[in-house]
Amino acid sequence: MKKVALILMCCIISIKSFCWGFYAHQRINYYAVFLLPPEMMVFYKPNIEFLSNHAVDPDKRRYAVAAEAPRHYIDIDHYGHYPYAELPKRYDSAVAKFSEDTVLANGIVPWWIQTMQMRLTNAFKEKSAAKILKLSAEIGHYVADAHVPLHASSNHDGQLTNQKGIHAFWESRVPELLAEKEFSFMIGKAFYISNISQYVWGRVLESAAEADTVLQNEAKLTRQFSPDQKFAFEERNGKILRQYSSSFTVAYNSSLKGMVERRMRTAIGSVASMWYTAWVNAGQPDLKNLQVISFNEEDVKEFETLDSAWKNNVRKGREHE
Ligand SMILES: [Zn+2]
């Protein structure tokens, strides 16, 4: 009887779902540090824990600030067909053509990354350790989101094709189950990005092109699994939850032929390269003396606000699970 009650209780605990999941976002920022040149590593490595932990701040901010949500995605299929030539790649031109309301409603991740990149470059110019860390952690989040196929699709949680849950399945369940065991994160070095806009749009278009495969492979596999094979009560973060079964997850991942791992690896390379490019564009400031950092009262208060908004669990703005 106790066991049944426990299972029922577990069923009703709602799982918060995030872009790339907390796990993957934290790992992406973590691994990105190792791609940096020694002149940057000297500052980033001692702060690797901060960079990993705060990789998820932008998702927490979605519980505190309504304007946050569109910074994580772009429903690019609202603008025609691949490669979306109709959509101007400059923000002001896109707004002039479609109106700001439309652009905001469809998500702004490719533009927001460019704003964050400018802020990070300025932080390097100011040699402000706290700003460099905060902005590095956060740009890592948005860059990683831009690599997720369902962040570039209006059918972002399979809600249009009766596949609700697929968003967190692809970006949380698959990496949480398989990344440590099967994915390789040996990735070359950070590189200089000479055209940020072109680079970001390139990754977003790759994501958009892969969204169909993400959806279709899940639908196909669902036809081969009975519901009780597809879902199972299994452990997640110390709790027993009904979720996509391990066997369904493994089969899905292999049907994607390494897509999740590939996008995660590309995200890591992109994050490190964004950091590196900002540092180069700021004139390669010496980071050696920035090792000891302390956050001011305002920063600390912001971290607390983000945490409590997240814990209160009411998201503002549109959902984009
Ligand atoms: Zn996000």
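Tutor: We will take the core, then some helix pairs, setting values against definitions. This is a predicted model, in which local features need pLDDT of at least 70, side-chain atom pairs count only at pLDDT 80 or more, and totals for chains, interfaces and linings use all residues. Residues are numbered from 1 along each chain as its sequence is written.

Student: What makes a set of residues a nonpolar core?

Tutor: Its members are buried Ala, Val, Leu, Ile, Met, Phe, Trp, Tyr and Cys residues joined through C-beta atoms within 7 Å. Buried means that 20 or more other C-beta atoms lie within 10 Å of a residue's own (exposed is 12 or fewer, partly exposed in between, with C-beta atoms placed from the backbone). The largest such core here has 68 residues, and Ile28, Val271 and Trp275 touch the most other members. H14 gives the largest share, 11 residues.

Student: Which residues does Trp275 touch, not counting residues up to four places away in sequence?

Tutor: They are Ala32, Leu36, Met40, Ser136 and Ala190. Contact means C-beta atoms, placed from the backbone, within 7 Å.

Student: Why is H2 called oblique to H14?

Tutor: The axes of H2 and H14 cross at roughly 55° and come within 8 Å. Axes are lines fitted to C-alpha atoms, for helices over the stretch in contact, and angles run from 0 to 180 degrees between N-to-C directions. Angles under 35 degrees count as roughly parallel, over 145 as roughly antiparallel, 65 to 115 as roughly perpendicular and the rest as oblique. The angle of roughly 55° falls in that remainder, so H2 is oblique to H14.

Student: What classes of residue make up the contact of H2 with H14?

Tutor: There are 10 nonpolar, one polar and no charged residues. Ala, Val, Leu, Ile, Met, Phe, Trp, Tyr, Cys and Pro count as nonpolar, Asp, Glu, Lys and Arg as charged, and the others, Gly among them, as polar.

Student: Why is H11 called oblique to H13 as well?

Tutor: H11 and H13 pack at an angle of about 135°, with axes 10 Å apart. That angle also belongs to the rest, so H11 is oblique to H13. Asn217, Glu218 and Leu221 in H11 meet Phe248, Ala251, Tyr252 and Ser255 in H13. This contact divides into four nonpolar, two polar and one charged.

Notes
Helix = DSSP H or I, 4+ residues; strand = E, 2+ residues; numbered from the N terminus. Contact = placed C-beta atoms within 7 Å.
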